[in-house]
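How can a reader find their way through a protein chain by following the contacts between its side chains? Please look at the sequence and the structure shown here before reading on.

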Amino acid sequence: MRSHLRVVGLALLGASLCLVQAAPVRAACIGLSGTADGFDQETGVSRAQLALADAVTQYKAAKKLRSVSVTAMRAKPQPYWRDSVSDDQFCFGTHCGYYKPDIVNAHSYTICWHGVISPYVCTSGAKVCW
């Protein structure tokens, strides 16, 4: 009787191990962003997107990840010279605040604003999952 219970116990243990290994792997995700400036919108956007791509590459290398999926995600602006960005800042008669429209593609969501020094400062954001 005791050996019969032992066999049943081992069978249940084996079945549970098989179920645990067959469970789907849950993806983990993180939000990354890159900020850059430029003398025009095209330069600011492209530099911010390059900074984001560099952040993704560095994260993959640091975590030793082979492949990741990258999707656009709106990131919080990361200004260089001030704490935040708003549309009602005092700007000596020039446009201040956010430039519209936002630039969105499959791999990044980019927002731009008038910088303190540079005419365009942009932050690109993405959600990276593995």
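The paragraphs below go through the strands, the disulfides, the aromatic pairs and the salt bridges in turn.

This is a predicted model, in which local features need pLDDT of at least 70 and side-chain atom pairs count only at pLDDT 80 or more, while totals for chains, interfaces and linings use all residues. Residues are numbered from 1 along each chain as its sequence is written, and side-chain values use heavy atoms, with hydrogens and water left out.

Let us begin with the strands. Helices (H or I, at least four residues) and strands (E, at least two) are DSSP runs that are numbered from the N terminus, and two strands are said to pair if DSSP finds at least two bridges between them. Strands β3 and β4 pair in the antiparallel sense over 4 bridges, and a hairpin leads from β3 to β4 through 4 residues. Within this pairing, Y99 stands opposite C112 in β4. Strand β4 also pairs with β5 in the antiparallel sense, here over 5 bridges, and these two strands form a hairpin with 6 residues between them. In this second pairing, I111 stands opposite T123 in β5. To describe how covered a residue is, we use the relative accessible area: buried means under 20%, exposed means over 50%, and partly exposed lies in between (1.4 Å probe, protein chains only). Strand β4 is mostly covered, with 4 of its 5 residues buried.

The next topic is the cysteines. A disulfide is a covalent bond between the sulfur atoms of two cysteines, and the cut-off used here is that the two sulfur atoms lie within 2.5 Å. The structure holds 2 disulfides. One of them joins C112 and C122, whose sulfur atoms are 2.1 Å apart, and because the torsion about its S-S bond is about 105°, this disulfide is right-handed. C112 lies in strand β4 (residues 109–113) and C122 lies in strand β5, so the pair ties together parts that are 10 residues apart in sequence. Both C112 and C122 are buried.

The other disulfide is formed by C29 and C129, with their sulfur atoms 1.9 Å apart, and the link of C29 and C129 is right-handed, with 105° about the S-S bond. What parts of the chain does the pair of C29 and C129 tie together? C29 lies in strand β1 (residues 29–38) and C129 in strand β5 (residues 120–129), so the pair ties together parts that are 100 residues apart in sequence. C29 counts as partly exposed at 42% relative accessibility, whereas C129 counts as buried at 12%.

We now turn to the aromatic rings. A pair of aromatic rings is described by the distance of the centres and the angle of the planes. Rings of Phe, Tyr and Trp (its six-membered ring) pair if their centres lie within 6.5 Å, and planes under 30 degrees apart count as stacked, over 60 as edge-to-face and the rest as tilted. By this rule the count comes to 2 aromatic pairs. The rings of Y59 and W130 have centres 5.6 Å apart and planes at 50°, so this pair is tilted. Y59 lies in helix α2 (residues 41–63) and W130 in the segment after β5, so the pair ties together parts that are 71 residues apart in sequence. Y59 is buried, with a relative accessible area of 16%, whereas W130 is partly exposed, with a relative accessible area of 34%.

Y99 and Y120 form an aromatic pair that is stacked, with 4.1 Å from centre to centre and 20° between the planes. This pair links distant parts of the chain, as Y99 is in strand β3 and Y120 is in strand β5, 21 residues apart. Y99 and Y120 are both buried.

The last topic is charge. A salt bridge is a side-chain nitrogen of Lys or Arg within 4 Å of a carboxyl oxygen of Asp or Glu, and a search of the whole structure finds 2 salt bridges. In one of them the side chains of R74 and D102 meet, at 3.9 Å from N to O. The pair links distant parts of the chain, with R74 in the loop between β2 (69–72) and β3 (98–104) and D102 in strand β3, 28 residues apart. K100 also forms a salt bridge with D102, the closest N and O atoms being 3.6 Å apart. R74 is partly exposed, with a relative accessible area of 43%, while K100 is exposed, with a relative accessible area of 57%.
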